[in-house]
Amino acid sequence: MPDTPDPSRRDRDGYVDLRSYAAIGDGRTVALVAQDGGIDWLPLPDLDSLPVFARLLDGAGGGHLALTPAGPWTVQRAYVEGTNVLRSTYTTPTGTVRVTDSMNMGSTGRLPWGELCRLVEGLSGEVEMTWCVAPGSGLGAYAPWAEETRNGAVLRLDAVTLAVRTVDVGDTTFQDREVSGRFRTSEGSEHLLALLSSQGEPLRMPSTRWIRRNVDQTILRWRSWSEQFTYEGRWREEALRAALLLKLLAHEPSGAVAAAATTSLPESPGGGKNWDYRMAWLRDATYSLHCLIALGEFEDVHANVSWLLRVARRSQPDLPVLSRLDGHQPDGLVRHDVPGWRGQGPVVSGNEAAGQLQLGVYGDVFDLVHQYVLDGNVLDVETARFLAGVADRTCDLWQRRDSGMWELPELQHYTSSKMACWQALECAVQLADNGHIPGSVDRWRREAGRVRAWVEENCWSAERGAYVWYPGTTDLDASVLLHAASGFDTGPRMSATIDAVRAELSDGPLVHRYSGAAAEEKAFAACSFWLAAALGAVGRREEGVDQLERTLALGNDVGVWAEMVDPADGSSWGNLPQALSHLSLMAAVLTLGRDG
């Protein structure tokens, strides 16, 4: 594979390669920090709010929070161990400086206001640093302005109020829509730049001493959460980092898990496939919780399970595909008049997949509930009755065409959707047999047998020697690999399907979603991890280990995975951090790592 382009350098329009970004967050929102110290993405107050910094999608007018050495530099970055607090060490010709970036929490958890702290420490020599807080237009929604008050610099963006608090960062320069400054570090010096925020309410202005204290408090709170991580096998650090990044996508007020922290990042040059992933897919939530249960986490698991079941009951009799973070369905698609990352629009809010029938979610929900009770938990009466109804509904729905896992406009009898219906009914039978749900267990058992027989008769192609995408085609679909782990097939047919996928859909360790996808998008990161896990599930562990190792080598410097990777140069594409990429990594580690 050719060398990856330098992700730290901005082009003339202000954009950087997506591999440049690390993520920090506080349980409500996520900020993306580039290698040059620019914070280019920050929705406030919530992850699905309009962004106050959006240079990620609008190089000229999106806004940013810059903090960087004034001259040439190189950088090494790492998260503080066991946390989502980022440390970047810049080396310059005159000295070395360390920047610690934290979305602060308080002594009792998430703060009732936003508090982003950038702590600068001089390590050696002297380094001249520049900074600038320049809010953008919120994707064209409003016009920001700055003002100097008795209590410091304040910036206003519609209902959002921002305040800048500083310690030893030089004189503050005010302009119409930004504040900036310049200062010099020396060995042992400490400097602080903080951004406080609120929406539609007064803004708390804590002292800089308390803001500094909250950095240490935040590190302790993240480490306390990481202590629940019981997995001790191979690739533990990679799996823990994936779990921590997944935790950033958990919206604490509701219990939802967002699919990604961004919207509208293109899946290939030229744009077009630009989606808003700042919503909660039931599919992603179930995969996430399955991994967290296996890793020993329990507080977030319960909150997320409760959220998922509330959303599911609200939409009965059919299960929803996704919801907003507050649990309600999205209102529709809004297009924003901004250029998009490197001019590759469109830029949108909302998602139109909410109205699709995706049968895979039935298997996902039942598998999650089954794992939840196997972990020693108990269902309430309302949930048990609801799930019995969902099992009955699965018996009726499995024969219908759907949009499949990939949310395609073409309705088909997708193989992985049928396998998921089998999974749902098998889990329902086991839940009923163990007394967790009532219902027509004999019907569910017989219908599960019918689904299996239908798949074996219609979805296996002797010509291809593989399970195909849907009956009547010879095309392949990487999502079928998920059903090695589900238990639908871990025998010769699934093993042969793995070989067919590697032959047609793989490019090195990277895997495309389905036949023909390589012509219109980059490789889907999660598929590479699914391949590794599937190899392990069918007994080909050494091949799975090799696949996992080669895929892990393609991550960025701090372990943040986007949705897609370019096989040609390793560059990142699509929204990030992508929940499905990280939880698929965790699932592969859990499959392959324990015996190692």
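Where does Ser264 lie? Ser264 sits in the loop between strand S19 (256-257) and strand S20 (280-281), where helices (H or I, at least four residues) and strands (E, at least two) are DSSP runs, numbered from the N terminus. The model is a predicted one, so to speak of local features takes a pLDDT of at least 70, side-chain atom pairs count only at pLDDT 80 or more, and totals for chains, interfaces and linings use all residues. Residues are numbered from 1 along each chain as its sequence is written, and side-chain values use heavy atoms, with hydrogens and water left out.

Back to Ser264: although not a glycine, Ser264 has a positive phi of about 70°. Ser264 is also buried, at a relative accessible area of 0% (buried is under 20% relative accessible area, exposed over 50%, partly exposed in between, with a 1.4 Å probe and protein chains only). Asp168 has a positive phi too, about 55°, and is not a glycine either. Asp168 belongs to the loop between strand S14 (160-167) and strand S15 (173-174), and with 51% relative accessibility Asp168 counts as exposed.

Another serine, Ser323, is part of strand S21 (residues 322-323). Ser323 is buried, its relative accessible area being 0%. Leaving aside residues up to four places away in sequence, Ser323 touches Met279, Ala280, Trp307, Val311, His328, Gln329 and Pro330, a contact being heavy atoms within 4.5 Å.

Two cis peptide bonds can be picked out as well. One joins Leu44 and Pro45, with omega about 5°; Pro45 is found in the loop between strand S3 (39-43) and strand S4 (51-53). The other runs from Leu576 to Pro577, with omega near -20°, and Pro577 is in the loop between strand S30 (572-573) and H13.

Next comes the nonpolar interior. A nonpolar core is a set of buried Ala, Val, Leu, Ile, Met, Phe, Trp, Tyr and Cys residues joined through side-chain atoms within 4.5 Å. The largest one has 200 residues, and Phe366, Ile437 and Trp444 touch the most other members. Phe366 is in contact with Leu387, Val390, Ala391, Ala424, Cys427, Ala428, Leu431 and Ile437, again not counting residues up to four places away in sequence. A second core, separate and made of nine residues, includes Ala259, Tyr277, Trp281 and Leu322.

That leaves the pockets. On a 1 Å grid over the protein atoms alone, a pocket is an open set of points where a 1.4 Å probe fits, with protein on both sides within 12 Å along at least five of seven lines; lining residues have an atom within 4 Å of a point. Grid points are joined across faces, edges and corners, and a volume is the space filled by probe spheres set on the points.

The largest pocket has a volume of about 860 Å³. Its lining has 38 residues, and Asp367, Gln423, Leu482, Ala485 and Ser486 are the closest to the centre. Among the elements that give two or more residues to this lining are helix H3 (282-295), helix H5 (360-374) and helix H13 (579-592). H7 gives the most, with eight residues. The lining divides into 17 nonpolar, 16 polar and five charged residues (Ala, Val, Leu, Ile, Met, Phe, Trp, Tyr, Cys and Pro count as nonpolar, Asp, Glu, Lys and Arg as charged, and the others, Gly among them, as polar).

The second largest pocket has a volume of about 510 Å³. Of its 32 lining residues, Trp275, Tyr277, Asn351, Trp406 and Glu407 lie nearest the centre. This lining splits into 15 nonpolar, six polar and eleven charged residues.
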